[in-house]
Amino acid sequence: PRPRYILGIDTSCDDTGVGVVELLLGGGVQVRANRVWSQTVHAQYGGVMPELASREHVERIDAVMGDALADAGLRVEDIGAVATTSGPGLMGALLVGLMYGKGLAQALDVPFYAAHHLEGHIYAAASEAELRAPYLALVVSGGHTHLFDVPREGEYVLVGATRDDAAGEAFDKIARLAGLGYPGGPAISEAATRGNPDAVPFKEPLQGQKGFDFSFSGLKTAALLAHKAGATPEDLAAGFERAAVRVLVKTALRAAQAYGRETVVVSGGVAANRALRKAFAASPVRAVFPGKGLNTDNGAMIALAGAAAIQAGRLPSSLTEGAVAYAP
Ligand code: KG4
Ligand code: ZN
């Protein structure tokens with residue numbers, strides 16, 4: 001029989017995420033729980049320490065799963081399938097979730113699905129609207145700035161990517177430079193509301209290119225120079241955010257037109273950005289964003305990817321499938 005409740009696990013980086021989705025009889029999906037333990041030990045080092053991340057996943061994953069099941073009002077025996085991120089990510093961190101997910105699936109004797117982290121980010125938007133290929137997918141997070149064409153369910157054609165920093169990474173670095181704290185995305189967004197976007201000149205990167213690549217290092221350099229020249233954090237934030245949003249939206253719209261797609265799925269941590277959402281809402285495409293709490297890394301998005309695999313009739317993964325740090 002088709003499973004009703006699917007458990008999703010993501011431990012690819014510094015968040016321990018466990019979520020539960022329900023496959024509804026009519027064919028839809030509903031998020032029943034989404035618990036994330038965000039590790040804070042890394043803040044003192046200014047970056048994620050892989051070994052500390054793995055250790056904390058080990059210490060937390062049981063409790064996070066218990067909380068997720070409690071939120072969903074389920075017992076562990078109610079779970080009908082388990083989906084877990086197998087890559088890309090930090091090897092030790094991935095292995096914690098992967099071994100846990102496989103062990104759980106085997107103990108419960110239910111199917112196991114290995115999931116690609118980016119496919120999870122894309123399927124996070126399935127919490128809001130039914131995702132039906134063809135569509136274009138813009139994944140913008142701390143580690144990725146990828147633009148995919150999705151001509152058919154489960155088929156991803158990379159049409160553009162960043163040539164240097166990821167979009168979220170640029171938000172984080174400029175926030176640190178301006179003394180706005182971490183994570184940089186929400187801090188920049190908040191400061192931008194009090195700044196003048198015209199005070200600091202930010203040239204939009206890669207203007208005039210025929211392809212669909214991104215670049216954020218030029219914006220970073222412009223921010224550094226303006227900061228040294230005495231620009232306020234608020235003005236820096238406002239100018240940078242406007243330029244970054246423009247570049248993301250413009251490039252996605254050009255690609256949507258080139259590939260003849262009417263729907264653009266925007267996901268990953270940066271998809272939480274309010275200015276980005278507003279700009280897409282005012283654009284001619286149908287933009288679909290993940291629901292609240294599903295933009296940044298989480299387990300529910302992996303459960304949603306598992307649900308999509310089940311709905312598409314994909315076979316479960318082998319329990320011998322390993323973790324991959326750099327998944328293509
Ligand atoms: O998807 P995610 O949790 O982790 C990765 O897989 O990388 O994304 C985290 C990134 C961080 O760089 C963070 O600054 C950014 O998403 N972010 C935002 C906002 N909220 C989070 N960037 C812009 N505006 C936001 N509101
Ligand atoms: Zn992510």
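In what follows, Ala, Val, Leu, Ile, Met, Phe, Trp, Tyr, Cys and Pro count as nonpolar, Asp, Glu, Lys and Arg as charged, and everything else, Gly included, as polar. On that basis, the shell around ligand 1 in this predicted model splits into 11 polar, six nonpolar and three charged residues.

That shell holds 20 residues, with Gly142, Gly168, Gly185, Gly269 and Thr296 as the closest. Looking at which elements supply two or more residues to it, the list comes down to α4 (167-177) and α5 (184-192). As for where the ligand sits, domain 1 (5-124 + 295-311) and domain 2 (133-288) both contribute residues to the shell, so ligand 1 lies between them.

Now for the sheet. Five strands make up an open sheet with mixed pairing, running in the order β3-β2-β1-β4-β5. The edges belong to β3 (29-38) and β5 (112-116); each has a single partner strand, so one side of each goes without a neighbour in the sheet. Ignoring direction, neighbouring strands here are turned by 20° against each other on average.

Zooming in on one pair, β1 (residues 5-10) and β4 (residues 79-87) run parallel and are joined over five bridges. Within this pairing, Gly8 sits opposite Ala83 in β4. Helix α9 (residues 300-311) packs on the sheet, where it touches β1, β2 (15-23), β3, β4 and β5. The direction of α9 makes about 130° with that of β1.

Conventions
Residues numbered from 1 in each chain as written. Chains lettered and ligands numbered in written order. Predicted model: local features only at pLDDT ≥ 70, side-chain atom pairs only at ≥ 80, totals over all residues. Pairing = 2+ DSSP bridges. Helix = DSSP H or I, 4+ residues; strand = E, 2+ residues; numbered from the N terminus. Axes fitted to C-alpha atoms, helices over the stretch in contact; angles between N-to-C directions. Contact = placed C-beta atoms within 7 Å. Near = placed C-beta within 6 Å. Domains from an automatic or database assignment.
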